[in-house]
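Have the viewer open and follow along.

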Amino acid sequence: MATVTYRVLRKLAVMNRWAAFALLAATQFVLILDSTIVSIAMPPMGRELGMTAQDLSWTTTAYALVFGGLLLLGGRLSDYVGRRRIFIAGMVVFALVSLVGGVASSGGVLIAVRAAQGLAGALVAPAGMSLVMALFKGDPALNKAMGLWGAVGGMGASVGTVLGGLLTDWFGWRSVFLVNTPIGLAVAGLALVLLPAVRTAEPVRGFDLAGAVTSTAGLGLLIYALTGAAEAGWASARTLGLGALAVVLIVAFLAIERRSANPLVPLNVFRRRTLRAGNAVMFLVAAAMQPVAFLLALYTQVVLGYSPTQSGLATVAIPVTIALTASFLGGRVLTRYGLRTTAAAGLVFITVGAALYLRIDARGDYVFGLLGPEVLTGFGFGLLVGAATVAATSEASPSESGMVSGLFNVTTQVGISVGIAGLVTVAAAVSGGSAAPEALVAGYRAAFLGSTVLAALALVAALALLPRREEPMREDQPVPV
């Protein structure tokens, strides 16, 4: 009887843990999706509120600036204050400011809403990842959970284009904001029931205010400079000036962390080989892959003449393949073969898929031109993302998990900014400002070549930096680092 009771309680505990993970993963999906869903609604948004193209660009820039700039601070706050508390606070902010965005009557209000959504995301994202780490700590299921977690982020960016088009076409642009309010409030309520109140047992010895200010300002300026580089030019006074100031602030941040008694980011974490490898690989992959989704949206709509909804559906193979691979294969491959082999295999598929995008032309065919590389890159990302996430976070102590999660998110966000800024600039330079389909396609091909090179560099980094492992693993073992 006692054995049966234990097994029942054990099964209930496992079910509750996966229910908590499902809530966290759904939240991550919504946050990542929200970063792209607004872009599809921009044209009708601008017409109704009288926003210029530059005004509309700020709805994206404001989110990226605040989100990227505050991620380190958000991660450390979750370590100090409590992960569940910070997670719930972020979701409540996200829900309420989204309601304001849905009833906004001016462009200025909308831009402020996007900045506040970035703040909410900077609180929720690292807290959510550290909660996943706490839920599965020491459990072989961590490999599967981390693979799914990373896959959800990759899916959110792609699905955002589809869902954005559908919501805008059916219910108007305001729906892309209003839909977040009931979701955010429901998640905050469920978090009280499903999520553990995880908090570091170590006493807080003080808060690194100087580190928080310099890191936030430095990262924010860096992302702003990169975001505007494609338009202003890489050699422009604005890009160089802001970039130089960002570097000064980041160097100041590192100097402060070296001397701080309770640093925001202890610099000794960078001595960990797998942490360095996981962040380096994800930086390069984010720089390679996120511009692909952006460029495919331009190619399908501007060159092939697809509607926003058709354009989103034309790339749906990427998130579907990511989801299937991460759900049914990624964790098993990671457990059996380890970090290095799994990451390298995923990156081979990504590199080959990115290279196949070079075949696009002005009379493109979806089935023969896009479907194959979409499936390959989605499959590769589904394999890779769990390995990169585990590598970047697995060596963190309970008191560091929020900080390490924030660092990994920062790496990804900066990689996205670098990739989009750099590859969009390449595409524009090659096309020479021409609107002719052939010229645009030439520019897109050049950008896809850049994505291929970045993916290949990520493969080299994975092979060089991730540790080898000689012995095969059992299915019930967590991945070694």
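## Starting from a buried ring

Let's begin with Phe 177, which counts as buried at 0% relative accessibility. Here, buried means under 20% relative accessible area, exposed means over 50%, and partly exposed is in between, with a 1.4 Å probe and protein chains only. Trp 173 is buried too, with a relative accessible area of 3%.

Before going further, some bookkeeping. This is a predicted model, where local features need pLDDT of at least 70 and side-chain atom pairs count only at pLDDT 80 or more, while totals for chains, interfaces and linings use all residues. Residues are numbered from 1 along each chain as its sequence is written, and side-chain values use heavy atoms, with hydrogens and water left out.

## The overall picture

The protein chain has 16 helices and zero strands; these are DSSP runs numbered from the N terminus, with helices being H or I of at least four residues and strands E of at least two. Of the 481 residues in the chain, 55% are buried.

Take contacts (heavy atoms within 4.5 Å) between residues at least 6 apart in sequence: 85% of them join residues at least 24 apart. The chain exposes about 19500 Å², and carbon and sulfur atoms supply 69% of that. Accessible areas come from the Shrake-Rupley method with a 1.4 Å probe, and for residues only the protein chains shown count as cover.

## Aromatic pairs

A search of the whole structure turns up nine aromatic pairs. Rings of Phe, Tyr and Trp (its six-membered ring) pair if their centres lie within 6.5 Å; planes under 30 degrees apart are stacked, over 60 edge-to-face, and the rest tilted. One of the pairs is Trp 18 with Phe 21, edge-to-face at 5.4 Å centre to centre and 80° between the planes. Trp 18 and Phe 21 sit three residues apart in helix α1 (residues 2-40), so about one helical turn separates them. Trp 18 is partly exposed at 26% relative accessible area, whereas Phe 21 is buried at 5%.

Back to the opening residues: Trp 173 and Phe 177 have ring centres 6.2 Å apart and planes at 90°, so that pair is edge-to-face as well. There is also an aromatic cluster, formed by Trp 18, Phe 21 and Phe 136.

## Salt bridges

How many salt bridges does the structure hold? There are three, where a salt bridge is a side-chain nitrogen of Lys or Arg within 4 Å of a carboxyl oxygen of Asp or Glu. Arg 174 and Glu 48 make one, at 2.8 Å from N to O. Arg 174 is in the loop between α6 (142-171) and α7 (175-178) and Glu 48 is in helix α2 (residues 42-49), so the pair ties together parts 126 residues apart in sequence. Both ends are partly exposed: Arg 174 at 22% and Glu 48 at 48%.

Asp 79 pairs with Arg 76, their closest N and O atoms being 3.0 Å apart. Both lie in helix α3 (residues 53-81), three residues apart, or about one turn. Asp 79 also bridges to Arg 83, with closest N and O atoms 2.4 Å apart. Arg 83 is buried at 2% relative accessibility, and Asp 79 at 0%. Shared partners join Arg 76, Asp 79 and Arg 83 into one network.

## Helix α15

With 31 residues, α15 reaches 45 Å from its first C-alpha to its last, close to the 45 Å expected at 1.5 Å a residue (the expected span is 1.5 Å times one less than the number of residues). This helix is mostly covered, as 22 of its 31 residues are buried. Just after α15, Gly 432 takes a positive phi of about 65°.

Gln 413 belongs to α15 (residues 401-431) and is buried, at 13% relative accessible area. Leaving aside neighbours within four places in sequence, Gln 413 contacts Ala 64, Phe 67, Gly 68, Leu 71 and Ile 223.

## Helix α13

Thr 325 lies in helix α13 and is buried, with a relative accessible area of 4%.
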